[in-house]
Each structure stands twice: as structure tokens, then as C-alpha cells.
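Work through the exercises below with the sequence and coordinates open. Try each task before reading its solution.

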Amino acid sequence: MNRKNRLLAGLGAAALVLLARLFVIQVIDDEYKQDASNNSMVYSTIYPPRGVIYDRNGEILVGNAVCYDILVTPRDVGQFDTLALAQALDTTVEFLRERMQYYRKYRTRIGYQAQTLLKRVPQQTYVKFAELEYMFPGFRAQMRSIREYPFNAGGNLLGYISEVDADYIEKHPDYKAGDYAGKTGLEYAMEQELRGEKGYHIYLRDSRNRVQSAYQDGLQDKDAVPGKDIVSTIDAHLQQYGQQLMEGKVGSVVAIEPSSGEILAMVSSPGIDVDVLSDIGSHYAEIAANPRKPMFNRTVMASYPPGSVFKLINGLVGLQEGVLEPSDSYPCNGGYYYTATRRLRCHEHSSPLKFRDAIATSCNGYFCYVLKDILENDRFATTAEALDAWREYVLSFGFGRKLGSDFPSELSGNIPTSSYYDRLYGKGRWRFSTVVSLSIGQGEIGATPLQIANLAAIMANRGYYYIPHIVKDSEGFRIDDKYRKRNYTLVDTSYFETAVEGMYMAVNGGGTAGATALRAAIPGIEVCGKTGTAQNPHGKDNSVFICFAPKDNPKIAVAAYVENAGFGATWALPVATLMMEKYLTGEISEGHRYMEQTMLTTKFF
Amino acid sequence: MRYGQGTSNTYDRGLWQTIDWRLIACYIALVVTGLLSIYAAGHSTDSASAFDLGGRCGKQIMWFGISLVVDIVILFWINPRLWEVIPPAAYLLVFGLLVLVIFVSKDVKGSHSWFEFGPVKFQPAEISKITTSLMLAAVMSRQGFRLGSPKGFMSAALTIALPMAAIVAESETGSALVYVGYIFVLYREGLSGWWIAFLGISIALFILTLTTSWWISVVSWAAACLVYFTASVRSRRSLMLRRRLAWRTAAAFLAGAALVGATDFLFHSVLQDHQRTRIEVLLGMKEDPTGVGYNVRQSMIAIGSGGLFGKGFLNGTQTTYGFVPEQSTDFIFCTIGEEHGFVGSLFVILLYAYMIYRLVQDAERSRSPFTRIYGYCVAACLFMHLFINIGMTVGLMPVIGIPLPMISYGGSSLLAFSTLIFIFLALHRQESKYF
């Protein structure tokens, strides 16, 4: 064989190698065909309906509704009647022209992809479009499920869902662009239950990206799994009523069922209307620009001085520590002189008072004596040590720490420690008189309305609470066991009865001194309450009221906190009382009609 | 009438006899295949019609037109003697350009190989194939040239190695690999077959060491040497010859073992990162589904999905959606494989093989060594491009960015191959006229 022939043989061998390889991958091996069908298969996502959120009575708080997006595949669009399309879609010719120009400009980047022309087109527009769809090749409507809210109740607590962004996807790799996720409130907290599982249809497409047929007659398709429904502890009507009462006022109302810790209503005002929630994207700028921060959920995120309602705790700690007997009485001559010339003022009432009456009349002086005895207790070497012991008690009431509610973004509030004062004044350079305002729930104390409501529940339960929570057991969902556990305070339950007595007298009178909450009385129901007026460094006093009813076997405990509204009995009391009455009797009694009217019509902004 | 045909037909034989029309037919068939494939690869993203000069297909048609003009000029107007005269000057000029481009060109993905004059871009490496082939033919057809002599070997080797080194320096290692094909030309002209064996064995040992381990390579190589020695020792009659065989075998073994030892160094220190990755992907040592691995994977999916008869012209789903990158240039074969299946691939490969076969046959028939050597050079260039390019698309070769001759999109490449082939046709025609 000469060299030419050897070379030609080599050429033939090389050609054979290539052909053999081609024969293997093109004819013998199926692996590459499978993969190619992957590439030419179109996965059309089926979005699952998100779980419905019910209220405690089976009313739908958040449901699903259908809306339509109008999609356009620019490359499939031919000549069309712009005016007719604009009319069918209830939009303008200019808008369509502008969009089509945009698609033309970026046609290479868009390729065969469908673009969203219009979002959330209502049903009647969709029907109009669907009739004429054949005239507009390249345009189609895609159904989408959106959130619907039968009640205008609980905008802040329900939260909103929105399309996930790049950041979110990075943190949650099981989400894809185009998915929606809960961003705040219940939607956020219960995202895993509510979201469901996506499914898909598989179609085959040809080389021009036209869908040809269902792949294997839909055998490989996957159905979407709907999200789980959630039952909330919220009473939709009560929630709505609370929002109406709080309209035009800044503040919060939280109502809790003491026997279970279930949150019945959670109003933060000003709040978000539910129709804003369903289309949060287009309202975002407006919300962000509002100086009263409607997105800010005051019930768990605002830390206020609790004011006089805190006297209950100081009294109870005093009783537990043995430095106070229910029968002890202290004088109050227009206040408490903590130095020779400086006085913590009090209002006009008879003097001296016993513990019960001091609660009923909310005497400032009395509780200054109580806290003085607590902090200057011989049991402790220093005031600092006594303060830390006091703080432990307060923390056991759920203050100064997160309660552990299932509601997201709960804040802890603040109860000062001795080291805080050490830093502020120097070690050993402060004493009771320095921190005297703690006696009446002022100063460095910060509490969220949820914590204050929880205090009302503790009083109702005579010494324990269930962690307030907002989701109930339902089919397929069981709440954490921590919500079924009684949490006792460090104060013996036997001391509570006297304090409750004081709260009863505050509403119903009958003691030796003036009662502060007489207007809260509801005929036929034994209401217990405690007013508070918290000094506000930023303006007018904040108005606070906590209450529960009935006195025995309480069904509801409410805390109302109205910012810059003055004396507690004036604004917070009616809101809390009316809600309680509405919840317990379903209506407002004759005597409270005027109060209701005033509340509904008075708007501070 | 005969008188009227006049001057152009004063030779003994007419156009039909003097020109190898089969080669031209192959050439045109391949270019047309290319045009159709470029149109198919781009028809969904390029909205332009096939003849629109804005689209790739239209541009390629324009380049085909230019190439045809050049082809005709070379075939009929330029005196073929010119090709035997200009090689030294042309070779040196192009070599100068190859070196110059390293310093003056812009960095394109790390390589420095393009001259840019406004809208006109050109790669001296494309012309270098022509000048190197001419130069090699000139050097080796000189009176008294003997490849066996050290001087002759060195001059031939240098002719190939100089432009190759310059191209490597441009970071166009892939294009430089094509020059390895000249070894077949040298072989035809008398180079020992051991050189080709040496090349093959080196590659085999290199791959074996990378994929398994160094000791498996050394042991296999030792076994191979032993088998060779025992097989050959019988034919060596004298003791001296046997001793020489033993020494040579031992030397070969040591050289192989040294290569195995150096593999790691070569692979990790001499090769650049992207080259190493491509080899690793080819040998299945590394998954690279987003980079080179993706290209090859998508390319094989496209070709594999074509099946026996393909999906039909313009019906490919893989290449038209842009799953395959570089689909109208280096990976153009995917479009053929997908839309025309194994049958189409077979047709294209046979077309190339036949073309190379014709080149070799014509080269062998010519009396002038210049024409013969040049013909082999053209055949070798075509073969290397063809084998590396198609090998790459089916996952037999590492990803090396060189075009598929006449088919890939690219004006300068088409023009260069046309010139390369038509110079041979002109040389061949001149011989046929006289003999």
C-alpha cells in the first residue's frame, strides 16, 4: 500500500469515526431525543389557589377572585385594528401604540416570549376581549387568581401578597419569578400553609414556538395542589367594628379571649384598606408617603408607656413581696412628695385610700408608696437589686419581652434594668425617687398594645395567660402546643382578686373613692376596667383603657390605646367598651348609643 | 466557428477536460448547504428574508458572490506561474502580519487575531493557511530538496512551525492545531510514519494519564513496547539489529514515561484555564453545564434529536431557539444534524470526503511536485477543519473555535477557503493543459 492510499484509508477511517458517532447519537441512543423534547416542551404553570383565611365564625376574611392579564407575543402580532383593541381592553390607542413601539424596539431581546400588556383586567373587560380575540392574533388573556376581601377588616393583620423579587428568590430558592408570596401579616406568617403547590401542563412546540399539542396527552402533567385554608381567631365583625370606631384616630385596639389567648380583634389605626391590599403594587408610593404610616402595625410594633394600667402590676408585685397588704392605706394630698418640694401630682379624690380603692380611683400617690416599698425592701441590699427583682415580676406579665405570638414582627417593648439606670446616672447614684415615674407606668417603660391587652387577659384569668395568637386549629393545621399552655405570673393567683375588685369598682363604683371608668358600665354585664393616661413626650397625652367582662368567667379582654387623645376615660374607654358590648351582646345598649355615635363621627385627622 | 472560439481554445484540451468540475461541484454544493443552514439557523431570530443583506444569510450570499469573482479571476486570469513565484514574499508578509496583529489588535475574548479597519475586519490567520501551503509547496519542490536530510526536514518544519507559533501567541490555539495537519503532507513526501505514530501515541498517553492515573499509563505503555519488541525482534536477523531494536524500544519507553510524568505539568501549567476546561469536559472529568459543557451538550441534543431523517428544513427546534450557541458559525453542523438527520450528516461528510479524495487524486496525477504538495496541503487543511469541527459538535473533540469549511457563516473564512481551493484548481488546470 503506497502512502497515498494509506492517507486515503486514514481519511476514510476518520470519516467513519464521525459517522459512527453520529449514528450512535442520532439513531441508536434515545437519550438525546428525550432531552430535545425537554427543550421543545413548554411548561405552562398552573398556579394553585391560595388558601382561604376564615374568621373564627367561618366568615371568609380573605378569599380568591379571578382576574385576567392580557398577554401579547409581539412576534405573532400582525396588522390589527388598534382602535378596536383599545376599546375591547378599555384602554387608549396611545397606550397600545406606545407598548407596541416598545416591543419593536426590544424585539431581539423579547424573541418569542409573551409580554404582559395589561394586568388585572376585570371580568367584564375580559369578556369583551374574549369575543374579539380572534381578530388580534398574538394577544391572549391569562387567568390569574387574586386575593379578595369580603370584609373591610384586618388590613394590617392579614397582610398582603406580592410578586417575589430577586432578593426574595435568593433567600427562598423554591420560589420562581412570577410567584406570589405573603409579605406581611398573616399572609406572611402562614405562607407555607397558604401557598399550595404549583402544577404544570406540558405542551410541545414547533420551531416557531407555536404550541402544537399536549405532551403525551397530558399524562405527564401535574395538577396544582391548592393552599391550605386557615382559620383565624379574629372575629370579622368585631374587627370591622373596631376599625370603624378607630377611624380618624391614631392608636390600637386589641381584644383577646382570656380563656384561650385567641385574639378576637387587632386594630391598628390608621390601617390599610383591604382593597388597597389586593393591589398593593399600585398604592405603594401613596402608602409610603403617608406620615401616619398605615403599614406600621401599632398593635405589635408600637411601644408606648402603658400609663396607669401599669399600677395593677405594681400593686400585685407589692402584695406578692409582702410590702403591701390589701388593707394598707396611704395618704394622697394631691400627689406624692418624693422630695420636699417635688410632687408627683394626683387628681382630686378622698384620702387616705385602701388598695382596692386606689385601683378604682387610680391614685398616683398610693402607687408611689407601693413602689417605694418594693424598691426599698430590706430583703435587698440595694435599690438596684430590688429593681431587678421587680423587673422579673413585670416580665412574667409578658412585658419587656416578646410574647411569642404567631403574628410576625412582634416587638418586645421595654422594662428598664438596674444596669440601664447605672449607665444613666452612675452606679449607686440613683434611688427610688429617681425612678418614681415607674410607679404609674411612665418613664422608661414601653409596652405594645398586645402586651397591654395581654395584661387585661391576665387580670381576667386572675393570674395567668395564654400566649395571644391569631390562628386557630383547623382541618390540616394544628397550632403549636405553646399556645395551649397556661403561663402564670410570678404573683400568686390569690392576690389578683382584690385587684380585680378594684377594677370592678372603677367601672361600677361603690367604693369609698371616686371611680374613673363609670362610663364603661354595661347594663346586665359585670365589667371590670382600668383607665390610664400616659404622658406623651411628643404631644397630648395618650389615652389608655383595659377592661374585661364578665367579671366571672370572662369572655373578652380589651385594651384600647388612642394616641394624643387625652384622658383615658374620654377616648380609649368608649372604644374598648363598645367593642366589648358589641361582642358580648351583639348590639349597643340604649345608654351607649350616644357614645357610639360620638366615636364613629369624631375624627382627629 | 472554431476560428471564432479563437485564442482561448488554442490548447489541445477544452475547459471540460482541464478543470476538475467534480471539485467545483463539491465546492458549490457545500457553499449552498452552508447558505441553507445559515438561513435555517437564523430564520426565527433574523426576521430578514434570505436575500436581505442585513441578515446573516444575505451577507453570506454576498460573500459567496465575491468569492466566485475571486475564483474566476484565479482560474482564468491570473497566470498560475505566479503561485510558484510569490510564496517567499507572501509568506513573509503574512508572517509579519501574524506577528503584528498580536500588538495592534483589540482584545477579543483574550485573543489578539483581528485587524480592524473601520467596518472591515480580517484575520491574518485565514490567509496564512494559503501562504503556508504555498510556501511549503515551494520549499519542498525545490531542486535537490530531501526531506530525509536534516536541512530539508528543518526547512519544512520551520515553514510550518513559524506561523503556528505566531498563531499560538495570538491565543488562537485552536486555529494553530490545523497546522498539525501538514504532517500528512510531509508523510506523503517521505516523512517516516513513526512521526504520525508518535503524535498518536502521545495523545493517547496524555488522555490515558488524565482519565486514569500515571501508573496505568506507564504500565500500558511498557506492555505496548514489549509487544512491539517481541513482535519485531524475529525479523531482525543480526544481533546488532536486535540490539538496536532493544535500545530504540527502551528509548521510546522512556520518552513515553517522561511524557506521562510531564502530563500533570503540561495540563495544569502550560494549558490555559479555558483550554483545560474544554479537555476536562470532553473527557468527562468535569461537568460544566453552564459553560463549554452546555454548548456541547446542547449541540449533541440538537444533532441527536434529528434522528435518521431529521425534522425537516426550518423545522429544527433546538438550533432555532438559540439553545445552541454560535449556531451559524462554529456549531453550524448542529442545524444540519437536527434538520436533516443522519442522512443529511452522511451526505455532508461524504461530500467533504469525496472532495478531499478528489484533491488527493488530482494532486497525485500532477507531474509538478509543487502542484502535488500544494494539493495535499489543501486536502490536509480541509480535513483538519472538518474533523475538528464536526468532532467538536458530536463531543469527540474539545471545543475549538474553527469554522466548518464553506458552510460556517463568515466571509473571510469562505473567501480564504475559496482561494485555497481555486489556486489548486488553477495549478491543476495549467498542468492538464500541457500534459
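This is a predicted model: local features need pLDDT of at least 70, side-chain atom pairs count only at pLDDT 80 or more; totals for chains, interfaces and linings use all residues.

**Exercise 1.** Find where confidence is lowest and where it is highest in chain B.

*Solution.* Start with the whole chain. The mean pLDDT of chain B is 83, and 89% of its residues reach 70 or more. Next, go to the elements. Helix α1 (residues 2-5) of chain B has the lowest confidence, with a mean of 42. Helix α17 (residues 369-393) of chain B has the highest, at 93. Then check the start of the chain. Over residues 1-10 of chain B, pLDDT stays under 50, and the model has 1 contact beyond four places in sequence for this stretch. For the complex, the predictor gives an ipTM of 0.88 and a pTM of 0.61.

**Exercise 2.** Describe the make-up of chain B: how many helices and strands are there?

*Solution.* Chain B holds 18 helices and 2 strands. Now take burial: 43% of its 435 residues are buried. Finally, take contacts between residues at least 6 apart in sequence. In chain B, 68% of these join residues at least 24 apart.

**Exercise 3.** Locate the largest nonpolar core and its main contributors.

*Solution.* The largest core has 138 residues. Among those with the most contacts inside it are A:Ala255, A:Ala456 and A:Met579. Helix α20 (residues 449-461) of chain A gives this core its largest share, 9 residues. Domain 1 (44-231) and domain 2 (307-398 + 414-446) of chain A each supply at least three residues. Zoom in on A:Ala456: its contacts include A:Ile546, A:Cys547 and A:Val558. A second, separate core of 108 residues includes B:Ile279, B:Ile336, B:Cys381 and B:Met384.

How values were computed: Residues are numbered from 1 along each chain as its sequence is written. Chains are lettered from A and ligands numbered from 1 in the order in which they are written. pLDDT is the predictor's confidence in each residue, from 0 to 100. Helices (H or I, at least four residues) and strands (E, at least two) are DSSP runs, numbered from the N terminus. Two residues are in contact if their C-beta atoms, placed from the backbone, lie within 7 Å. A residue is buried if 20 or more other C-beta atoms lie within 10 Å of its own, exposed if 12 or fewer, and partly exposed in between; C-beta atoms are placed from the backbone. A nonpolar core is a set of buried Ala, Val, Leu, Ile, Met, Phe, Trp, Tyr and Cys residues joined through C-beta atoms within 7 Å. Domain bounds come from an automatic or database domain assignment.
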